[in-house]
Every structure is written in C-alpha cells, then in structure tokens.
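User: Please take me through one part of this model closely: the secondary structure and how its pieces meet. Keep it brisk, and state each cut-off once.

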Amino acid sequence: MATTSHEPTTTRADPEGISGAAVRRGDRTFLGLSTGAGLLVLVVMAAIAVFLVWKAIPSIQADSANFFTEGQWLPDSDPPAFGIAVLLFGTLWTSIIALIIAVPIGYGIALFIAFYAQRRLASTLAFIVDLLAAVPSIIFGLWGLYNFMPYVVPFSQWLSEYLGFIPIFANSQELWTKSILMAGLVLAIMILPTVSAISREVFVQVPRMHVEAALALGATRWEMIRMAVFPFSRPGMISAAMLGLGRALGETIAVALILSAAFEINWAITEPGGNSFAANIALKWGEAGEVGRSALIASGLVLFFITLVVNMSARWVIARRKDFSGAN
Amino acid sequence: MSKQIDLVDLDIYYGDFLAVEGVNLTVKANSVMSFIGPSGCGKSTVLRSINRMHEVIPGAHVKGAVNLDGENLYGPNVDPVLVRRTIGMVFQRPNPFPTMSIADNVIAGLKLEKDKKRKESMDEIVEKSLRGANLWEEVKDRLKRPGASLSGGQQQRLCIARAIAVEPQVLLMDEPCSALDPISTLAIEDLIRELKDRYTIIIVTHNMQQAGRVSDDTAFFNLSGIGKPGHLIEVGPTAQIFSHPEHKQTEDYIAGRFG
Amino acid sequence: MTDLSGLRSGAPVPDTTPHSGPVTSSEAPPPNAGGRQNRGDSADSLHLTGNRLPRWAPWVIAAGAIILGLLVQVTGITVVGLAPGFVAAFAFLLVQTATSWTVEGRRHATDRLATTLIYTTFVLALVPLLWILITVIAKGLSVFSPEFFTSTMRNVNPRAEGGGIAHAFLGTLEQVGIAALIAVPIGVLAAVYLVEFGKGRFAYWISFFVDVMTGIPSIVAGLFIYTALILTGVLEQSGLAAGLALAILMLPVIVRATEEMLRIVPNELREGALALGVPKWKVILRIVIPTAISGIITGVMLAVARVAGETAPLLLVTFLAQDMNPNPATGSQASLPTFVWDQISRGTPASIDRAWGGALALILFVLVMYAGARIIAKIYSPKAR
C-alpha cells in the first residue's frame, strides 16, 4: 500500500522499528530496556573482575611470600605469608581425577541414550540422569561424608595394596578417610550429568544419513559409532569434558566437607591432602581477618580466571565446529 | 559375479503395522529393476528390506523370504552385517562421511572387514572403485581432500564408489538422483547402465522417465488406501509396463492420473 | 548354486535342492557349538551366515559369573582381593568377550563388549542417584515431624534433639524469591534483546558471555556481592545480599531458556501481527512472550531449583541465624542449605540427624520445582513438534 500522502506514521508497521522518524516511543523504551538488560550481562562479568581485583590487591601487596609458590595459608599472621600452590594442586588434582572417571562414563551414558536404549525411553532416561544434576552439592557432601566414605575406604585400601607400586596409589599414612580420591569420586558423580547431557545433545545431532551410510556398509553398531558418530561429534565431546572440568573446578561445598583435613601437596590420592580454591574460601572465611579475607578474594580471583578460560575454550571449540559442520 | 534376487510372499511389518503385503518378484542377475509408485506406497520399504536396513527401526520384521540366489537373507543364523556387505546401498541424499577424505570414504567399508582374499592394495582399490563410478578422472589429484568438498553429483558418485568398493553382488539405490541437478542425474544414469554389467541393480525412483531410461524391468507398487498396506501391483519388462500395462492402476499412474 | 555346506560347521548338510520357486524356510539348524567360521571353499560362497552366539548365551554366562561371585563370597577365596561383585563383573566380561571372539569373530566380539560396557555406564549413573535419594529419604524422614517444620533452632542445644527448619525454610523462600524477582525480568529482557533485536557483534558477545556466566563458580558470585556491595557498605550481610548473589547464578539459566523458547515461536506469528499494524513492542509483549510463557516458566523453575541448593555464596554474604528473621534486608538469616552446613559442622548425632532432615526438605523442594517444570513443559509445550 504505497502512498505518497502524508499518512500518519503510527499505522505503518515497520518490522525494524528503529528507522528514522518512525520510531515509536513504546518501541524505543522497550528496545532500551532489553538492550540494557543484555548490557547488564556484560557489565556484571566485568564488574566481577574489577571488584575482585580491587579487593585482592591489598593482600597481595602485604604478602611476604610468593603468591604462586608458597605452600602455606597464613594471611592473618604477621607478616602475612600465603600462596596458592596447594590450592592450585588440590583443585586441579581432584578435578583431573573426577574427569578421568566421569568423562568415559558420561560418554557411555550419552551413547546409551542416543543409540542403545529404546527410542521411547530416551527422554525418560535422560531425565533420570539429569536428576543427578538437581541434587544440591551440600547433599553430595553430606552423603559423601557419611554414607559413601565407608565404601571408598576399602577401595582405597585395595588400591594401595595391589597397585601401590604406582606412587600415586601408595598410602604411607594409613589414613584413608577424607582423601583426594574420595573428593575426586564425589566430584565425578557431580559432573557426570553435565558431561553426559552435552555429549548426548551432540550425539543426537549426528545426521541420520551418516549413521545409515555406515550401517549400509555392513558395520556393527559399535563400528557405526566409531565411523559416523565420533568423528562428527569430537568437538562436542571435547566441549562436554571441558564444561565438566569447569564445573568440577568451581565446586565448593562437597569438596569442603570432604577435604577439610590437610593443607599440603600430596600426590598420593588415597591419602588426605590438598584443598581447592573454592573449598578453602568456604572453610576459612568465617575466621579470616581483613587481610585474610582479601587473600581469599585473591584466590577467588584466580579461580574465576581459571574457570573463565576453561569455559570460554569449551564454547570456542564448539563454535568453530559450526563453520565446517557436516550437515551440508 | 552378481546374483538374482527373489522376493517370496514378503510381508513387511513395523511393529504390528503391516506396511507392505504379499510381494512376489524376481530381479534377474545383471539387470536393472526400478520400483515405481506414489509416495508412501512402500517401495522404499521393500528396497530396504532387501539389505535388512529396515531393521534399523526397532520392531521392524518380515514374513516370507528374500532370496539371494536361493539363500534366504532372513534365514536363521544369517548375520545382517554380512548381508549388508553383500548388498550395497546408495541413498537419496549423498552422504560421504564429512570427516574423511575422498580416498578414505571409498575404503570406509573395507576398513571394517579386511578381506584377506583380495590382493590389491588399498590404493588400487580406491582407483578401481572410483573408475567404476566414473569419478576417477575428476578427483584423482585430490584424493586427500574431504569427501564433502565435492559437488552433489560427484558426492553421489563417491557414495557409489564406496558401495562398490566392497564388491557387493547387488546394488540398491533409493532415489539416488532426486537431490541432484539434471546434468548430474544423467551422469548417474549413464553410470547405472554401465554398472549393470557387474551388479544386479534395483533403483527406487519417483521419476518415471528415469525408470524408462535406465531399467530393464519395472515394478509398480501402490496403496489401496491410507493406513492400508502397500502391494506390488504389476511387474514386468519396462517397455511393456509403460506401453501395455495389465492393470488399470498401473496405467493410471503411468499416465499421471494420480501420484 | 551356492554351496553352503562348508559354512555351517558341525551341522548336517542343509537342503541343496535346486529351486525354481519359493524356497521353504529351512528348519533351524542345530545351534553352533562354537568353532571357527569356515571360509568356504568355492569362490562364490556368500558368507552370509556367520556363526552367532545363541540368544541365551549372555544370560548363561551372566549366571555363571554370578555363581562365581557367590563362590568367592562364600568361600572367602579372593581373586586379587576383589570384592565378589567385581569378580562376577569381570568374569562376565572376560568370558563373554572370549566366547564371542571364538564363535562370532573379532568384530562382533568388540561390538558385544562395547554394548556391555555402555549398558554398564548407565547403571553406574543410576547407582549413586538411587543411593543418595534413598539415604536422604530414609535418614531425613526419621527426623520429620510437625515440630521440625514449625520450630526454629532458637535455644536448641546442639546436643539436644528437637528444633526445626522453619526459619531456614522461610529464609530460602525469601532469598530465592528475591533472586527470581531480580533475575527473571532482566533475564527475559536480555533474551528478548538477543532474539528480537540483536544482530551483530554486540549480541554475539552478550550471548557468548551468557554462556560463560553459566560456568561461574557459585562462590565467586558470593565473593562478588561481598566485595561490591558489602565491603562498600551498600548492603549488610543479609538475606537480600544472598538474593542478589543467587540472582547472578540464575540469570544465565533464565536467559538461555527464554531465548530458546522465544526462538521456537514461529516467525509467521510475529509477521502476522506486524502486518496488522501492531507496534513491535506490543507484538513481543502481548504475542511472542505469552506464546513462549510456559517454556519461560519452566526455565525459571529450573533456575530456582538450581539456586535453591546453593550454599557457598550464602556462607559469605549472610550470617547464619538460629532464629526466625523475616526481614531480608537486615540481620542474619538462615536458609536450608546453610542450615544443613551448620548442623554438619556441629557434629553431634542430634545435629547430624537434623542435617539429614534439612537435606530431605531441601531436596524435596528442588525436586518439586524440577518435576513441576517438566510437567508444565509437557502439558503446555507448543505441539508443533
């Protein structure tokens, strides 16, 4: 309905809504609000970094020891002496153990739901596995400490008895509870739904035609998975593992309840040792003085940074894949 | 090397639903047969039952027999995996594996089961199969490039090369040209005429002119109604089906009165 | 005519009558007793019949493995010190793979092994889930009583029984409520921006960081609120601060869920409304969002379920109260997760019991939200699947 008369612009429907003089006040307000909301996301992320840095600096300046290599945590002593070496170790070591256990199992569960289970059951089964994600971490800690531990101890003992020639499995302290292995196991259970849910999404997206092409060539089911599913899903699988890692790195309460005993670098997984960034903050916050809190904030900053890197990499891996997707 | 296919009183079920009923037909060795019929009449279902691909859908089963030179492919102890080795399939949309190179695509099936009787090297097999699919000249300099980097028609010929690399007896083609442009279609049709010297070929097609161009025999399927099973209405030499069909349904379909 | 006699080792020669018509389906040959797959002499053999393990084989092997496990249990003879269950499991895997390899060949043996292992992973996921749920229910129920839900921990000696979660429950409701009040409008608006307006780099970065935000450790959110609002004196340690910290954690979940739901709304709906002369903001508010509302609600409930159980940030920005505090703006306030934490740290048997009770209450709340979200999604989902 092109007209040349000066029609009131209020009746013209402009899909863009933001052009020249035809901007309606309602549209502008709404656009402003929603843009602001989007902006807020960026602002919050930046603010987190800014404020954490701001409040971390005093302690770092006061630190008489090397922040990165010092093995103790005594920020409230005189002079303050604290470092994140133990925290870095504890965080990474427990997370790696968790990954080693959870990633293959997570992939397996995702494969099961996508290719082995009955189609009609698929979403129910997925729901059940996702329920594991709904369990709050404090309950994992409670259960881990009181119910799971008695079963992990004999397992740890078995490990040190039969595989003790490998140093990480050896146990010289005869202390079996509250070990890194225990924390790693609980973490593994906690990140399992993450790894499996994301892998499952990826597996389900493999185009049916590649699955059928493999089967039509006379492949068994497992061969089909290796031929058509894994190559296609590799970036997604990596991303799933990294997101699981991110989750493990940031887990606080379960680790805090389980690892509260020692504060030292100890590679033997069946012995107590190490503590994670997040757990350390939770445990020491109450009694920390001013420098102490600042030190904990500094450690939180390191944790923020690490999880940022891991999560961003995980997303980047998938994003790259979209460019050369196999679904032509 | 190729064999004759006999469908004997074949009923195909998806769970309890009878999709196709009472099919009896013979595909002669080294010939091309086309399956024609309106959408949903079951021709693809019948095709897939020949290499037991329809079993990929849970609950699908058959009654009756599909015989390859007398041996029932649905006999007890028959391994569907081996059936699919012997009977190759090419699909509607070209589907080379995207993460594999052209050469790797060709030998994808061979990597599964290394046939000790074959003396040629992998490279020789790649060349032989690509030549067999009329693709060698076009890709011989870029065998390491990804399989998905080819045009649609080339991709489909790559899929044909992949299918013949394992030296099947029979080739099944499910509307192989419907996703391709007319030039590529003609190229594939020429290829089919060459391939029938070595294989028995069954092709499902929506395009009756294609059936006329390419096949020696034609089988016409139809549905009696929505929700009813499909049936084989008539089968015979292509020339005869198109000029003097015996059944009115066949004649109506050929004349374009429905479908 | 293909000679198949060589392929069925140990079986009598099947009928080889030349056929011109339908072949009668052969009687089932005797089950293969094992023995290697024969490659047939004639060059034309089709090799279609592979030797297959009979259907009952895996079950028999499993039964054998279980018996073996029981033997280990009963006689106490250990195999490398493994528990009977593990012995049975490994025995099953080993025997099945070996049997399959000899009878069916490498490819099918590998396939069976993969199938068994993959089924196992699923079982492995169920075990902890059921274990946790059963434990929490069993231990928590023993503490449940009307008193538990109506009283607080005021004046309750840690060693003594009694006390309840009323204050904690109220605290959680208020804190999560505040979080939702803040996160939902912002999250929905941000999603609206991404779907309806955003194009180009800005929107890309917002989307990217929303994803990244889902990975923020909850304790970092707590640290942020502490440094930005509490240390600067804007707020005191309170339920309100907790609500804000939880809002940060809820936000990305809501943005993502809303975004997905908005994208599902068909474009034809928008275009139809715009073509009628409805201004864009009205289209979004009155048509698009209501169409997606069930999905949005689902997303909100899932986000609530996620943050209701968060303990870490609360430890930093609230003081734990033992008593009822309905005012979130000031003073200490309890919450279910911090209640559990607190009771665990007391360590007495009575406190641990209360911890289980609190845990059960918490998990019930979370599961109700979770299940409710799924039910709403199922009932109201746009049936355009």
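Analyst: Helices here are DSSP runs of H or I with at least four residues, strands are runs of E with at least two, and both are numbered from the N terminus. This is a predicted model, in which local features need pLDDT of at least 70, side-chain atom pairs count only at pLDDT 80 or more, and totals for chains, interfaces and linings use all residues. Residues are numbered from 1 along each chain as its sequence is written, while chains are lettered from A and ligands numbered from 1 in the order in which they are written.

Take the chain inventories. Chain A has 10 helices and 2 strands. Chain B carries 11 helices and 10 strands.

Next, burial. A residue is buried if 20 or more other C-beta atoms lie within 10 Å of its own, exposed if 12 or fewer, and partly exposed in between, with C-beta atoms placed from the backbone. Chain A has 328 residues, and 54% of them count as buried. In chain B, 52% of the 259 residues are buried. For chain C the value is 44% of 385 residues.

Now contacts, meaning residue pairs whose C-beta atoms, placed from the backbone, lie within 7 Å. Consider those between residues at least 6 apart in sequence. In chain A, 73% of them join residues at least 24 apart. The corresponding share is 70% in chain B and 69% in chain C.

Two strands pair if DSSP finds at least two bridges between them. Chain B holds an open sheet of 10 strands with mixed pairing, in the order β5-β4-β1-β2-β10-β9-β3-β8-β7-β6. The edges are β5 (71-72) and β6 (87-90) of chain B; each has a single partner strand, so one side of each is left without a neighbour in the sheet.

Start from the β5 end. β5(B) pairs with β4(B) in the antiparallel sense over 2 bridges. One bridge partner of B:Asn67 is B:Asn72 in β5(B). The hairpin of these two strands has 2 residues between them, and B:Asp69 takes a positive phi near 50° there. Strand β4 (residues 60-68) of chain B also runs antiparallel to strand β1 (residues 5-14) of chain B, with 8 bridges joining them. B:Ile5 has B:Leu68 in β4(B) as its bridge partner.

Further along the order, strand β9 (residues 217-223) of chain B meets strand β10 (residues 230-237) of chain B; they pair antiparallel over 7 bridges. B:Thr218 stands opposite B:Gly236 in β10(B). In a regular strand the side chains alternate between the two faces of the sheet.

A compact globule of 259 residues would have a radius of gyration near 18 Å, and chain B agrees at 18 Å. Its C-alpha trace spans about 55 × 45 × 30 Å along the principal axes.

Then the A–C interface. The contact takes 72 residues from chain A and 74 residues from chain C. On the chain A side, α1(A) gives the most, with 20 residues. That side divides into 49 nonpolar, 16 polar and 7 charged residues. The classes: Ala, Val, Leu, Ile, Met, Phe, Trp, Tyr, Cys and Pro are nonpolar; Asp, Glu, Lys and Arg are charged; the others, Gly among them, are polar.

Helix α1 (residues 25-62) of chain A and helix α10 (residues 280-308) of chain C have axes that come within 7 Å and cross at roughly 65°. Axes are lines fitted to C-alpha atoms, for helices over the stretch in contact, and angles run from 0 to 180 degrees between N-to-C directions. From α1(A), residues A:Gly26, A:Asp27 and A:Phe30 meet C:Lys280, C:Trp281, C:Lys282 and C:Ile284 of α10(C). By class, this contact has 3 nonpolar, 1 polar and 3 charged residues.

Last, the domains of chain C, whose bounds come from an automatic or database domain assignment. Domain 1 covers 57-140 and domain 2 covers 150-380. Their C-alpha centres lie 41 Å apart. The contact takes 4 residues from domain 1 of chain C and 5 residues from domain 2 of chain C. The domain 1 side divides into 2 nonpolar, 1 polar and 1 charged.

Terms used. Contact = placed C-beta atoms within 7 Å. Rg over C-alpha atoms; globule rule 2.2 N^0.38 Å.
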